[in-house]
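Here's a quick briefing to read with the model open in your viewer.

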Amino acid sequence: MENSAELKKQILDEVAICRRCRMCVNMCPTYDKWFTESSMGRLTAINLHFKYGLGDTKELSDLLYACTSCRRCQQRCKMVSVGVSPADIIVKARQLLVQETQEQER
Amino acid sequence: MKKTLKHLIPAGHIYMRDNVLAKDNLAGANEDKSAWANQLNLPHKAEYTFFAGCGYQFMKYTETMLEAARGMESVGIKLDKVMGLNRALKKVGLNLADAAAKIMTDPKEDHYTKVLHSAVSVLQKLGVDLGYLHQDEPCCGSPMYYAGFKEDYLKNAARNFGIFRSFGVKKIIGLIPACTAALKYAYPALVKDYDLKVWHFFEIVAAKLKEADLKPMLSEKTVITYHDPCQLARYLNIVDEPREIIGRIANLELVEPLPEKSREWTTCCGGGGLEASNQKLAERLGSNRADELLATGASIIVTSCPACLKQLRQSLKKKNPQVKVMDLIELIDQALLNAPEQSPKR
């Protein structure tokens, strides 16, 4: 299994493919008014946190675990954009949170 | 401040991981998972192995527990605390899942066991040589993956493949979309030498009905709408098969939700894990989805996923308790009872 540094690189590389076209935003069933309630909002938060060290980790965790992994976002991305998999990246980011925390605890 | 797992990961997710690791099932119940199959005489070994999954086998407990958790939330105790409490109680030997199972004795409230019975009955009527691993059936562990516990998930997946191999399993028929997607697509990428062939129930049933040209029939005219479970539509790409099956059944009329809300665009009902971490959001999603399905005017909402069944039933209780929620598998079983005798093949 990949270590957290490898996983982080994998995640950031995938996020970097996203063209920020926002086609997926409205597709997210959790999206109501806040950008952070959407698939692309979550990817942005992932990037800000893991690339630039911004934002509180607990806040990021709340955003990530509010995703239902329903993949409606990536269905849209696949058909009209670059084919990023936000739902799958979000699960990987949860995995990174878990791994980083476990490594700290060890 | 150093953050620990407990601060960062919702307690509901940690609770499910603990359950899978300690009890080999999602709910953490001690009960024999195969009790539903006691009267069915399914052999361990056969051409196809039936994979029942935690959802249908244990949802009755999870449902009762979540109901209790909701009750505590309404008096101001946060879900995370309830889930944490649940874990603490276990450490001193109290198992809420077992307690819930004892409270819940009314078989009418158990909407899940009968789906398993129907599924086995359908496959047997269609001539599938069917086995089942009984208490040896492992939990696929996918909730651990979605919660971020990949290391645990990998270990569990490798162990499971060993179990399947030790029983000579080659072909699996899965029922629950999440388990089936895990066994069909996630495991091959992660487990060394994984070579099991996996189908979802609908793939087998659609193919068999077509092959035998069977025309099942319901005894009275029934109008339904169909809710595509996310994992079935977008992880397994199974959207045509259930419609083919429905199309074959006489006296059964399907009214689809809006095209942008069905098939591969189906919207999540909020079941399947979210209610263990974010009750309010799960309720909002359930309510939205219920509205979309109710707009079809159908009096029965049909789907095929234990989490969707639970969540939609829950959402409809408040909106329109007259509308029934049921599993497509049950309808197929009922309709097959009335299939006109097959003309002998020449």
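Predicted model: local features only at pLDDT ≥ 70, side-chain atom pairs only at ≥ 80, totals over all residues.

Before we start on the helices, a word on naming: helices here are DSSP runs of type H or I with at least four residues, numbered from the N terminus.

**Chain B at a glance**

- Chain B carries 15 helices along with eight strands.
- Of its 346 residues, 58% count as buried.
- How many of the contacts in chain B between residues at least 6 apart in sequence join residues at least 24 apart? The share is 81%.

- Is B:Asn19 buried or exposed? B:Asn19 has 0% relative accessibility, so it counts as buried, the cut-off being under 20%.

**Helix packing: H13(B) against H14(B)**

- Two packed helices are described by the angle between their axes and the distance between the axes.
- For H13 (residues 279–294) and H14 (residues 306–319), both of chain B, the angle is about 75° and the axes are 9 Å apart.
- That angle makes H13(B) roughly perpendicular to H14(B), because the range for that label is 65 to 115 degrees.
- On the H13(B) side, the contact is made by B:Ala282, B:Glu283, B:Gly286, B:Ser287, B:Arg289, B:Ala290, B:Asp291, B:Leu293 and B:Leu294.
- H14(B) brings B:Gln311, B:Leu312, B:Ser315, B:Leu316, B:Lys318 and B:Lys319 to the contact.
- Sorted by class, the contact between H13(B) and H14(B) has six nonpolar, four polar and five charged residues.

**The loop between E2 and H7 of chain B**

- B:Glu137 sits in the loop between strand E2 (130–132) and helix H7 (142–147) of chain B.
- Is this glutamate, B:Glu137, buried or exposed? B:Glu137 counts as buried, with 2% relative accessibility.
- Leaving aside residues up to four places away in sequence, B:Glu137 touches B:Asp24, B:Lys33, B:Phe50, B:Phe51, B:Ala52, B:Gly53, B:Gln57 and B:Tyr132.
- B:Glu137 is also 27 residues from B:Phe164 in sequence, with 8.3 Å between their C-alpha atoms in space.
- B:His134 is found in the loop between E2 and H7 of chain B, and B:His134 is buried, at a relative accessible area of 13%.

**Backbone spots to look at**

- Most residues other than glycine have a negative phi.
- B:His134 isn't a glycine, yet its phi is positive, at about 50°.
- B:Asp193 isn't a glycine either and has a positive phi of about 65°. You'll find B:Asp193 in the loop between helix H9 (177–190) and strand E4 (197–200) of chain B.

**An exposed loop residue in chain B**

- B:Asn41 belongs to the loop between H2 and strand E1 (48–51) of chain B.
- B:Asn41 is exposed, its relative accessible area being 70%.
- B:Asn41 and B:Tyr132 are 91 residues apart along the chain, and 9.4 Å separates their C-alpha atoms.

**Cysteines**

- How many disulfides are there over all chains? The count comes to zero.
- Why is A:Cys21 in no disulfide? The nearest cysteine sulfur belongs to A:Cys77 and is 6.0 Å away, whereas a disulfide needs the pair of sulfur atoms to be within 2.5 Å.
- A:Cys21 is partly exposed, with 37% relative accessible area.
- A:Cys67 is in no disulfide either, and its nearest cysteine sulfur is that of A:Cys73, 6.4 Å away.
- A:Cys67 is buried, at 10% relative accessible area.

**Two helix residues in chain A**

- A:Asp62 is part of helix H3 (residues 57–64) of chain A and counts as partly exposed, with 38% relative accessibility.
- What does the A:Asp62 side chain make a polar contact with? Its partner is the side chain of A:Lys58, at 2.8 Å.
- A:Asp62 and A:Leu97 are 35 residues apart in sequence, and their C-alpha atoms are 11 Å apart in space.
- A:Ala16 is in helix H1 (residues 4–17) of chain A, and A:Ala16 is exposed, with a relative accessible area of 57%.
- Between the C-alpha atoms of A:Ala16 and A:Cys73, which are 57 residues apart along the chain, the separation is 16 Å.

Methods. Residues numbered from 1 in each chain as written. Chains lettered and ligands numbered in written order. Heavy atoms only, no water. Axes fitted to C-alpha atoms, helices over the stretch in contact; angles between N-to-C directions. Parallel < 35°, antiparallel > 145°, perpendicular 65-115°, else oblique. Contact = heavy atoms within 4.5 Å. Nonpolar A, V, L, I, M, F, W, Y, C, P; charged D, E, K, R; others polar. Buried < 20%, exposed > 50% of the residue type's maximum accessible area, 1.4 Å probe, protein only. Polar contact = N/O pair within 3.5 Å; in protein donor to acceptor, adjacent residues only side chain to side chain.
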